[in-house]
Amino acid sequence: MPTATGIRVAVLGVLALAFAGEAQAQTLDSALAQAYRSNPELNSQRAALRAVDENVPQALSGYRPRINATADVGNQSLTTKTWTSTTPPRTLQTNRDALNPTGYGVSLSQTVYNGGQTTNRVRQAEAQVIQARETLRNTEQNILLDGVTAFMNVLRDTAIVKLRQQSLAAFEEQLRATRDRFQVGEVTRTDVAQAEARLAGAQSLLLAANARLQTSRAQYRQVIGSEPGKLVPGRPVDKLLPASLDAAVATGLSRHPAIEAAKNGADAALLQVKVAEGSLLPVVTLEANYLRRFEGSSQLEDSMTAQVVGRLTVPIYQGGSEYSTIRQAKETLGQKRLDVDVSREQVRAAVVQSWGDLQAAKAQIEAEQAQVRANEIALEGVKEEARVGQRTTLDVLNAQTDLVNSQVALVTAQRDRVVASYSVLSGIGGLSAKQLGLNVQEYDDTVHYRQVRDAWIGVRTPDGK
């Protein structure tokens, strides 16, 4: 059974990080909720999705008529010279007319058939929307994982700074004791120099720890959106993870948003091939025109023209660009299909790596807890032995250094344990606000799509911009 000292050491990392009893302390979930709401990179990706939503009404416009109105007004001066007769004597007569020709007209054009290009463009736009949604999901995962990492880094580095401060205080006390013993001749000048060296080293390590903490705090602000205050230790999310590595890999391959985005990208590329091939097919349009003219000439005061025309256009040869476009679209399709395989392998590698990191962190925590317990006992024993002259000052300094190093390693392992569990959850595609149960309103990526899909007119966005 572990001793009371052992139990205290086992939770040293957590106690060093906790700020229990503080009403304003921030939990990991609340920090992630804040990042979910306000992270600029995440909001940028949401805006990008809303822009992609507009591809669908643009494609649907191919089913709708195009109506144009024209109007013109002008001033015309007409001078004519004519002979009064064909036989002499003839005289030349000059006539001058001043006209104000005006007119207006309306034209309508409706595509009846264009080789299926409109249909395929709509399907392509819908595939692009789904791809953008999956890209957003992947970005959400990355931001939440970055938030976990930033949160735990601040906790880790805060704890390490405290440990380094305690170590510095211990070395300062050791140096004072060594100098006192040197004054009475119990130790040599060498012992004093060793104590001074260890104190200088502890000061250097504390400065480095403070610098690392400042970096972590800056990264926290970048991801979460505010300065870190008092933070409550985060906990791993093992209950949300599959039971085995094989199950984790299978889950990641079946639902990871990066893979789903790549699949929909390939679907969009396939439809682009069909759109390009449609340019070789006939186009049927229905055209209607109405034109009204006034003062078109001195003899014509008013005229009106109305016509309805069905037009068939058969492309024969347009310089060859359409054939190149088709070949280009096919090569792009091949690339997008390969991207799916690349995404699968990336997800597989990420799951395997994060799963290994998680298992390693679990084992390391147990090892470091045992090491800290042993180093605490060893330090107490070395101090007692040094008092009776059985140990040197260097032995005490080494024991103190070993204890601090094992405590730092334990804090780091506890941080790695939490981050690795979230990394596995991200690797299987399950790191989301809903899955974590964050107290935040989920972003509905279908609202804007429904608002704009069937909009025929209007330049204002649904949010009023």
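Let's start with a definition: a residue counts as buried under 20% relative accessible area, exposed over 50%, and partly exposed in between, using a 1.4 Å probe and protein chains only. What we have here is a predicted model, where local features need pLDDT of at least 70, side-chain atom pairs count only at pLDDT 80 or more, and totals for chains, interfaces and linings use all residues. Residues are numbered from 1 along each chain as its sequence is written, and side-chain values use heavy atoms, leaving out hydrogens and water.

So, is T285 buried or exposed? T285 is buried, because its relative accessible area is 12%. You'll find T285 in strand β5, residues 283-294 (strands are DSSP runs of E, at least two residues; helices are runs of H or I, at least four; both are numbered from the N terminus). Leaving aside residues up to four places away in sequence, T285 touches Q110, T111, V112, V309, G310 and R311, where contact means heavy atoms within 4.5 Å.

Now for some helices. Two packed helices are described by the angle between their axes and the distance between the axes. Axes are lines fitted to C-alpha atoms, for helices over the stretch in contact, with angles from 0 to 180 degrees between N-to-C directions. Helix α3 (residues 28-38) and helix α6 (residues 117-183) have axes that come within 10 Å and cross at roughly 140°. On the α3 side, L28, A31, L32, A35 and Y36 meet E140, I143, L144, G147, V148 and F151 of α6.

Over in helix α8 (residues 245-255), the axis comes within 9 Å of that of helix α10 (residues 321-387), crossing at roughly 145°. There, L245, A248, V249, G252 and L253 of α8 meet R344, V347, R348, V351, V352 and W355 of α10.
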